[in-house]
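Let's walk through this structure together, one part at a time.

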Amino acid sequence: MDDADEPAGVARVEFDEAEERSLVRLAGAMGLVGLLQMLLGGIGVVLALLVVVLARHPIELLIVSVLGLLYVGLPVWQGMLLREAGEAIGKVAGSDEDDQEYLASAFRRLRAVFIVELALALWPLVRGLL
């Protein structure tokens with residue numbers, strides 16, 4: 001099938017071998033960073049759960065612990081999104097079709113990663129106002 005036969009809105013993106021190797025390395029790095037985020041975030045979630053379960057103090061401590069659990073849980077989700085984006089970018093390098101869809105999928109996930117990052121960056125500011 002040549003480019004004229006492809007449906008509108010779906011097209012291949014041409015990469016040379018060096019660009020494909022770069023995409024594969026990028027996908028691998030994104031997957032590794034995502035995995036580390038999930039592991040470290042998971043440890044944080046376990047520690048926050050321990051604080052919630054062992055809390056014998058007023059309700060304020062429990063509320064702070066639940067908010068802390070949310071704060072440490074966000075990187076787990078962010079890591080999952082980053083790994084999925086890396087997988088989509090890896091598919092761009094390894095396939096000759098649906099490149100635009102794979103790139104769009106990766107960018108949607110990266111958008112969510114950066115929104116979570118913004119929330120995590122603003123967290124101390126919001127916490128200081130409370």
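Is glutamate 84 buried, exposed or partly exposed? Glutamate 84 counts as partly exposed, because its relative accessibility is 32%. Here buried means under 20% relative accessible area, exposed means over 50%, and partly exposed is in between, using a 1.4 Å probe and protein chains only.

Before going further, a word on what you are looking at. This is a predicted model, in which local features need a pLDDT of at least 70 and side-chain atom pairs count only at pLDDT 80 or more, while totals for chains, interfaces and linings use all residues. Residues are numbered from 1 along each chain as its sequence is written, and side-chain values use heavy atoms, with hydrogens and water left out.

The pLDDT is the predictor's confidence in each residue, from 0 to 100. For the protein chain its mean is 81, and 84% of the residues reach 70 or more. Over residues 1–7, however, the pLDDT is below 50, and this stretch has three contacts in the model beyond near neighbours in sequence. Contact here means heavy atoms within 4.5 Å. Where pLDDT is low, the predicted coordinates should not be read in detail.

Now for the overall layout. The protein chain has three helices and zero strands, and from the N terminus on its elements run α-α-α. These elements are DSSP runs numbered from the N terminus: helices are H or I with at least four residues, and strands are E with at least two. Of the 130 residues in the chain, 25% are buried. Among contacts between residues at least 6 apart in sequence, 77% join residues at least 24 apart.

Let's go inside next. A nonpolar core is a set of buried Ala, Val, Leu, Ile, Met, Phe, Trp, Tyr and Cys residues joined through side-chain atoms within 4.5 Å. The largest one here has 14 residues, and those touching the most other members are Leu23, Met30, Leu82, Ala85, Ile89, Ala106 and Leu110. Helix H1 (17–54), helix H2 (59–94) and helix H3 (99–129) each give two or more residues to this core. The most come from H2, with seven residues.

Setting aside its neighbours within four places in sequence, leucine 82 is in contact with Met30, Val33, Gly34, Gln37, Leu110 and Val113. Leucine 81 also deserves a look: it lies in helix H2 and is buried, because its relative accessible area is 10%. Again leaving aside neighbours within four places in sequence, leucine 81 is in contact with Arg109, Ala112 and Val113. Leucine 81 and arginine 111 are 30 residues apart in sequence, yet 9.4 Å apart in space from C-alpha to C-alpha.

Further along your tour of helix H2 you will find proline 75. Proline 75 is buried, since its relative accessible area is 18%. Beyond its neighbours within four places in sequence, proline 75 is in contact with Gln37, Met38 and Leu120. The C-alpha atoms of proline 75 and leucine 120 are 8.6 Å apart, although 45 residues separate the two in sequence.

Let's return to glutamate 84 and its charged partner. A salt bridge is a side-chain nitrogen of Lys or Arg within 4 Å of a carboxyl oxygen of Asp or Glu, and a search of the whole structure finds two. In one of them, the side chains of glutamate 84 and arginine 109 meet at 2.8 Å, N to O. This pair links distant parts of the chain, with glutamate 84 in helix H2 and arginine 109 in helix H3, 25 residues apart. Arginine 109 counts as partly exposed, because its relative accessibility is 25%. Arginine 108 forms a salt bridge with glutamate 101, where the closest N and O atoms are 3.3 Å apart. Arginine 108 is partly exposed at 49% relative accessibility, and glutamate 101 is partly exposed at 44%.

Leucine 54, found in helix H1, is exposed, because its relative accessible area is 56%. Arginine 25 also lies in helix H1 and is exposed at 55%.
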